Amino acid sequence: MPDPRTETEARDGHGDVVCVGEAMIMLAGAAGPLEDVETFRRSVGGAECNVAGGLAGLGVPTSWVSRLGDDGFGRQVLRDLRGRGVDVGGVEVDPDRPTALYVKESIDGRSRMHYYRSGSAASAMSPTFLQRPEVAARLGSARIVHTTGITAALSDDTARMLDELRGDFILSVDLNWRPVLWRDKNPEPLWRLLRAADVVLIGADEALVFAGTNDPAELHERFGNDCTLVVKNDAHTAVALEPDGRRTEVPALTVQVVEPVGAGDAFAAGFLAGTLQNLPMKQRLRLGHLNAAAVLAVPEDHAAPPESALRDRLLAATEEEWAATRV
C-alpha cells in the first residue's frame, strides 16, 4: 500500500488527487410534489465531482475525469468545475449520450432524489477510457485517486474500468451505497473495489445494509485489514481504523442542518486533504467534519470550506473547545 503520510506536491501540472465518476445536473424547486413545482434551480452535483470541488476549495490540486454529453448540461458541469479550480482536461465529450441529471423533491422537510442517468455519457466509461492519454497522464501523476460505489454501479463497463484502476497511488473509495443502482445486479464488483482500496470511507447506516454490520472492526476485517477504514456515524462520530490496528474516534460538530445531501462528499474531501497534508489522524477526521459541516448548513451539494484561520484554530482545539463548537 502506498504511504499516505508523505508530503503533498503537485506533479506535472495535474492534480495531487484525481476523482473518477459521474457528474450530474441537479434540479431543485420549491417544496411540494414534483407535479406541482413549476420552476427549478439548476446546480452541479455528483459524488466524485463534489469531492473534487471540495479538495480544490481546500487548496489541493485536483483533477476530475469522466465523460459528459455534448449538451448544455455537460458544458455547465465543465464551467462549474473550472470555476471552482478543478482541472477538467481529462474529460471526454460524448456526441451521442447525454449528461445525467437528478431532481430533488422536498416534501414535509424531507428530500427525495429522482435520478435520470440510465444510458448517460459517464456510464460508457470502460477500461479503454483509462488508456486515453489525457486520463492516463493524470492517473500517472496522482498521489490519490478517488471514486465511489456509484461509479461501479453505473454499468458493466464502468465496473470493469474500476477493476483496472490500479497504479502508484493511494486508491480511495467511498461506498456510497445506492440500492436502486444495484437492483438486479451482483454487487461483487463493488466488493472487489473495496478490497482493493487503500482508503475506504463508509457510513454506518449504509454499511449495515450493504455488509450486514456497522462494527468498524468487523468491516475492517471484511475489507482485508490492510486499508485505512473510516466509518461515519451520521451526526455523532467518525472512527478510523488503520492497517497497524490504531483506532481514532472524533465526534462530529453540532450543526443546524439545512440539507444533508453532499455532506459525505465534503467529509471525504477534508479527510483526503488532511491525508495529503500529513496531518495526524485526529486532525484528518476533524477536517472531514469541518468540511461536512459547511455543506450541511447550505441547501446545495457543496459549499466553500471554513476560512483557513478558523480551520487551523479548530484543528488545534482542545477536546472541550471542539465539543463546544456550533455551526
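**Salt bridges and an open sheet**

At 24% relative accessibility, Glu-92 counts as partly exposed, where exposed means over 50% relative accessible area, buried means under 20% and partly exposed lies in between, computed with a 1.4 Å probe on protein chains only. The model is predicted, with local features needing pLDDT of at least 70 and side-chain atom pairs counting only at pLDDT 80 or more, while totals for chains, interfaces and linings use all residues. Residues are numbered from 1 along each chain as its sequence is written, and side-chain values use heavy atoms, with hydrogens and water left out.

Side chains of opposite charge can pair when their charged atoms come close. Glu-92 forms a salt bridge with Arg-67, the closest N and O atoms being 3.0 Å apart; a salt bridge here is a side-chain nitrogen of Lys or Arg within 4 Å of a carboxyl oxygen of Asp or Glu. This pair links distant parts of the chain, since Glu-92 belongs to strand β6 (residues 92-94) and Arg-67 to strand β5 (residues 67-69), 25 residues apart. Helices (H or I, at least four residues) and strands (E, at least two) are DSSP runs, numbered from the N terminus. Arg-67 itself is buried, with a relative accessible area of 9%.

Glu-92 also forms a salt bridge with Arg-132, with 3.9 Å between the closest N and O atoms. Arg-132 lies in the loop between α3 (127-131) and α4 (133-141) and Glu-92 in strand β6, so this pair ties together parts that are 40 residues apart in sequence. Both contacts belong to a network of salt bridges that links Arg-67, Glu-92, Asp-94, Arg-97, Arg-132 and Glu-134. The whole structure holds 17 salt bridges, one of which joins Glu-242 to Arg-246 with the closest N and O atoms 3.3 Å apart; Glu-242 is buried at 6% relative accessibility, whereas Arg-246 is partly exposed at 42%.

Turning to the sheet, four strands form an open arrangement in the order β3-β2-β7-β8, with mixed pairing, two strands being counted as paired if DSSP finds at least two bridges between them. The edge strands, each pairing on one side only, are β3 (40-45) and β8 (110-116). Strand β2 (residues 24-29) pairs with β3 in the antiparallel sense over six bridges, and Ala-28 has Arg-41 in β3 as its bridge partner. Helix α2 (residues 72-83) packs on the sheet, touching β2, β3 and β7 (100-107), and its direction makes about 60° with that of β3. Contact means heavy atoms within 4.5 Å, and axes are lines fitted to C-alpha atoms, for helices over the stretch in contact, with angles running from 0 to 180 degrees between N-to-C directions.
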